[in-house]
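Me: I would like to learn how to read aromatic pairs and pockets. Could you walk me through them with an example?

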Amino acid sequence: MIQNLVGTRIRAVREQRKLTQQQLADQAGIPRATLATVERDDSNPSLIVVFKVARALDMTIDQLVESNRKRILHLPCREMRTTISGDGAYRAVTVTPTSAYHITQIVFQLDPVGVYDGIPHSPGSEEYIHVLEGTIELDVAGEQIRLQNGETAIFHGNVRHRYHNPSTEIRAVAVVTILEGDAYF
């Protein structure tokens, strides 16, 4: 029901702007009694009433409904997952929250002449690899490509893949998305 989302919020915004119920009702073109019942959550306001109040407050309906919900999720370093290969050559930090089921973003380093065998992801996934520093030799199910600084490759993530560093230490970003169908292939 809409009233559970907007009644308290309308009252809070109205009071913050130092408006009386009558002033806001007049600006919205609705009866004061209607506004009072909406603010008390005693009614199920129509969408037009919510729209008129939002417009009178110079807000969108979304802004009115969202209240003061945080818009930024902060992930402290200690909450990020780290991965280190058995030989220590591959070091990665997953910078997306564990609750993000449709996307995973990993920042990683690979020592000189290091090799890392990527773990195949779910069917329907794509992996994007972007080189920040150095050169990566990428092998995806037997097809090979060499990526330099600033270059990106995209491949199906559910297949065997390997990263090889032929020279100096590399830094790269890998993004894995779970898609419906094949977006780029």
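This is a predicted model: local features need pLDDT of at least 70, side-chain atom pairs count only at pLDDT 80 or more; totals for chains, interfaces and linings use all residues.

Me: How many aromatic pairs does the structure hold?

Reply: Rings of Phe, Tyr and Trp (its six-membered ring) pair if their centres lie within 6.5 Å; planes under 30 degrees apart count as stacked, over 60 as edge-to-face and the rest as tilted. The structure holds three such pairs. In one of them, the ring centres of Tyr-90 and Tyr-116 are 3.5 Å apart and the planes are at 5°, so this pair is stacked.

Me: Which strands do Tyr-90 and Tyr-116 lie in?

Reply: Strands (E, at least two residues) are DSSP runs, numbered from the N terminus. Tyr-90 lies in strand β2 (residues 90-94) and Tyr-116 in strand β4 (residues 115-118), so the pair ties together parts 26 residues apart in sequence.

Me: Are Tyr-90 and Tyr-116 buried or exposed?

Reply: Buried means under 20% relative accessible area, exposed over 50%, and partly exposed in between (1.4 Å probe, protein chains only). Both Tyr-90 and Tyr-116 are buried. Phe-108 and Tyr-163 are buried too, and Tyr-90, Phe-108, Tyr-116 and Tyr-163 form one aromatic cluster.

Me: Now pockets, please. What volume does the largest pocket have?

Reply: Rolling a probe the size of a water molecule over the atoms shows where empty space is left. On a 1 Å grid over the protein atoms alone, a pocket is an open set of points where a 1.4 Å probe fits, with protein on both sides within 12 Å along at least five of seven lines; lining residues have an atom within 4 Å of a point. Grid points are joined across faces, edges and corners, and a volume is the space filled by probe spheres set on the points. Here, the largest pocket holds about 320 Å³. Of its 20 lining residues, the closest to the centre are Tyr-90, Ile-106, Tyr-116, Ile-119 and His-121.

Me: And which strand gives the most to the lining of the second largest pocket?

Reply: That is β8, with four residues. The second largest pocket has a volume of about 180 Å³, and its lining includes Leu-138, Glu-143 and Phe-155.

Key. Residues are numbered from 1 along each chain as its sequence is written. Side-chain values use heavy atoms; hydrogens and water are left out.
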